[in-house]
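Hi,

Here is the structure we talked about handing over. Please load it first, then read the notes below.

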Amino acid sequence: MHLSELYLTNFKSHQSASFRFTPQINVIHGLNGTGKTNVLDAIYCLATAKSYFGVPDLKLITHGSNFYRIEGRLNRDSQEVRLVNKYERGKKKLVEKNGKAYDRLSDHIGTMPVVMITPDDLILVNGLSQDRRRFVDQALAQTDHTYLNHLVDYKRLLKQRNVVLKTSVNPDHMLLDSYDARMAPSALYITSKRKAFIDNFRPQLEVFYHWIAQVDEQIDVKYLPSLDGKDYIEASQESRKRDIFLKRTETGPHKDKIEFYLGPRAFRMFGSQGQKKNLVLAMKLAQHHVLSTQLHLPPLILLDDLFDRLDHQRVKRLIDLILKSNFGQILITDTRLSRIENILGSQPINAIELTKSKSNEEE
Amino acid sequence: MNKIYSKYLENAVNALSELPGIGRKSALRIALHLLAQPLDKVGHFNESIMKMRSDLKECKRCFNLAEEQYCSLCLDQTRLKSTICVVEGIRDVMAIEETGQYNGQYHVLGGVISPIEGVGPERLHIDQLVQRIHSEGIKELIMAISPTIDGETTIYYISKKLEMTDIKLSQIARGVAFGGELQYTDEVTLGRSIIARIPYAINGDS
Ligand SMILES: [Zn+2]
C-alpha cells in the first residue's frame, strides 16, 4: 500500500500544493517554516479524519479562507483509491472514498493505516496515562471498527453521566443506573481489547528497544485496567458514593493506566532523556509491527523532523532496520537533505523540496 | 446582496431570515413576493399563522398538538386504548400516522435524555407516561425512539421505571433502514418496522 499523490487546498500553510510520492522512501526537505510538518499532518488527517496534534478542524484552514480540502490517491490491494477529506466552516466534515461520502467516519478509519513519529511524542513517556491510552486507542481504532464505535459511545455516555453528577446534588440513581447499563458492554470490550493489544505489543517493544538502544536493558509495559477483572456494573455500584461525592465518574476504562518500566522502576521517573527517546521510537515501531501483522499490510510511516530527535547513530540504525525489513512507504521530513542522503548511500529516494513560494508564509 | 432601501422591507427580511433554512437571499425574494400580493391575501396569510400559534396547544394527555384540551387522536374512540407508541416529537406522530399502520395511542416525550444539553428526565414527559400506564390500563408500550446513543439511554431509563409493572415493552424494528430520525424514514419502511416490532429486553444485547 502506498500514497502516490496528494493535493492540498487551504490546508494550514498550503494554499495550493501537490505532491507525488514513490512507494518507498520519500524525503520532504526545506527550511523551517516551509510547512513540512503540515504535509505529514495532512496525510494523517486523510487517514484518521483528525489532526495528529489535536488541532481543531477550524484551525486547519488557511488563515483568511473558509474551507480546506485534502485529496490523496492511495494504491491499495493493486487498486487506486481516491480519498478526500474536506471541511468547510460551519458545515460537517466529510470524508469520501472514490467520490462517495462515508455515513460514519468510523467506517473510514483503517482504510489507510498510518504511524506518525514526531518530536512531540516524548509526551507518551513523560505525560499522563491519558496520553498513553490515546496511543493504544489510535492503534486499535485503525484495526477494529467495533473498538472505535465502542470508544465513541463510551465517551459520549461518560460525558453525559459526568454532567448528571456535576449538576445535581442528589442525582437520579435510576439515570446513573441507565448510563452504567449502557456503558457496561463498551467498557468490557475496550478493556479486553486494550489488554490484548498490550500483550501483542510487549514482545515487539522489547525487540525494537534493544535494537535501537543496543544495550541489554530490561524493559516492560504494564496495563493496569480500572476494572481489573471486575464486572463493570458491580465496580460502578461500588464507587457510586465516591462518584457522587467527587462529582465525576471514577471507575471505567477512562481511568486505565499504562506504565512503562526500566527494570523494576517506572520509566517515566527514572529513564534518562536518551533512554526515553529510544523507548518512544521503539513504541512506534512496535505499533507499526502490530498493525502490519493484523492488517496484513504495512502502514505508512510518517517521520517528522528525524534528526531533531535522534542522533546520527540512531537514525542510521533506524534506516537500516527499515531497509532490511518490509516497512512499506515512508515519508521523512528534515531541514537538510544531505544528512539523509549520507545515511541512505545508494538507496534511491524521492526528494521533494519545499520552499516559501510553494507554500504560504505562515506556519 | 443589494442594499435594502426601505426600513420596512429590511425588517420583514430580517424576520423572514430567522426562519429555519431561509437565508437572506430567499428572505428578500419572499418579502418582495408578499409585497406584490393583494393586501387581503397577505392579511389572510398573517392570520392563519397567528391562529396556529395562539390556538394550538399541547394535548393534556399525550402532548401531541391539540386544538382543544385533548388532541384528535386521543378523542378518536375507534383507536385501540391499550397500546401507547412513545415518540420524541410531534413530527414523529405525523410520520407514523402517515403510514396508516398504527391505530393506538401516542405519548410525545418532547426529546431524549441528554444532560449535556440540559435535558434531564424531569424535562421530558416521562412521569406523565408512567401515570398514564397506571391510570389507563395500558398493556403495551412501543418505543419508536431513534436508536442513537441518547435515544437508547432514554428507552432504557423508561424501561427501568416500568420494571415493576407487567407491561409489554417493544421497540420498533431496527436494522430496517432508519437513518436516525423517524421523520426521514419512508412510509413503507416505517410502517413495516412498527408491525415487525421486537420485544425490548432490559438486559438483552439484542
Ligand atoms: Zn392526545
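**Confidence**

This is a predicted model. Chain A has a mean pLDDT of 91, with 98% of its residues at 70 or more. One stretch of chain A, residues 358–363, has pLDDT below 50. In the model, that stretch still has 16 contacts beyond near neighbours in sequence.

**Chain A: two domains**

Chain A splits into domain 1 (1–113 + 297–363) and domain 2 (121–296). Their C-alpha centres lie 27 Å apart. Domain 1 of chain A puts 15 residues into the contact, and domain 2 of chain A puts in 16 residues. On the domain 1 side, helix α12 (residues 312–324) of chain A gives the largest share, four residues. By type, the domain 1 side that touches domain 2 has nine nonpolar, two polar and four charged residues.

**Chain A: a sheet**

Chain A has an open sheet of three strands, in the order β9-β10-β11, with antiparallel pairing. β9 (219–224) and β11 (265–266) of chain A are the edge strands, each pairing on one side only. β9(A) and β10 (residues 257–262) of chain A are joined by six bridges in the antiparallel sense. For a residue-level handle, look at Lys222(A): Glu259(A) in β10(A) stands opposite.

**Chain B**

Chain B has 206 residues, of which 26% are buried. Its secondary structure is eight helices and seven strands. Take the contacts in chain B between residues at least 6 apart in sequence: 57% of them join residues at least 24 apart.

**The core**

The largest nonpolar core has 121 residues. Residues with the most contacts inside this core include Ile43(A), Ala282(A), Leu302(A) and Leu331(A), along with Val86(B) and Ala144(B). α6(A) gives the most to the core, 14 residues. In soluble globular proteins, nonpolar side chains tend to be buried together.

Val86(B) deserves a look on screen. Leaving out residues up to four places away in sequence, Val86(B) touches His107(B), Leu109(B), Leu129(B), Leu141(B), Ile142(B), Met143(B), Ala144(B) and Ile145(B).

Best wishes

Definitions and conventions:
Residues are numbered from 1 along each chain as its sequence is written. Chains are lettered from A and ligands numbered from 1 in the order in which they are written. This is a predicted model: local features need pLDDT of at least 70, side-chain atom pairs count only at pLDDT 80 or more; totals for chains, interfaces and linings use all residues. Two strands pair if DSSP finds at least two bridges between them. Helices (H or I, at least four residues) and strands (E, at least two) are DSSP runs, numbered from the N terminus. A nonpolar core is a set of buried Ala, Val, Leu, Ile, Met, Phe, Trp, Tyr and Cys residues joined through C-beta atoms within 7 Å. A residue is buried if 20 or more other C-beta atoms lie within 10 Å of its own, exposed if 12 or fewer, and partly exposed in between; C-beta atoms are placed from the backbone. Two residues are in contact if their C-beta atoms, placed from the backbone, lie within 7 Å. pLDDT is the predictor's confidence in each residue, from 0 to 100. Domain bounds come from an automatic or database domain assignment. Ala, Val, Leu, Ile, Met, Phe, Trp, Tyr, Cys and Pro count as nonpolar, Asp, Glu, Lys and Arg as charged, and the others, Gly among them, as polar.
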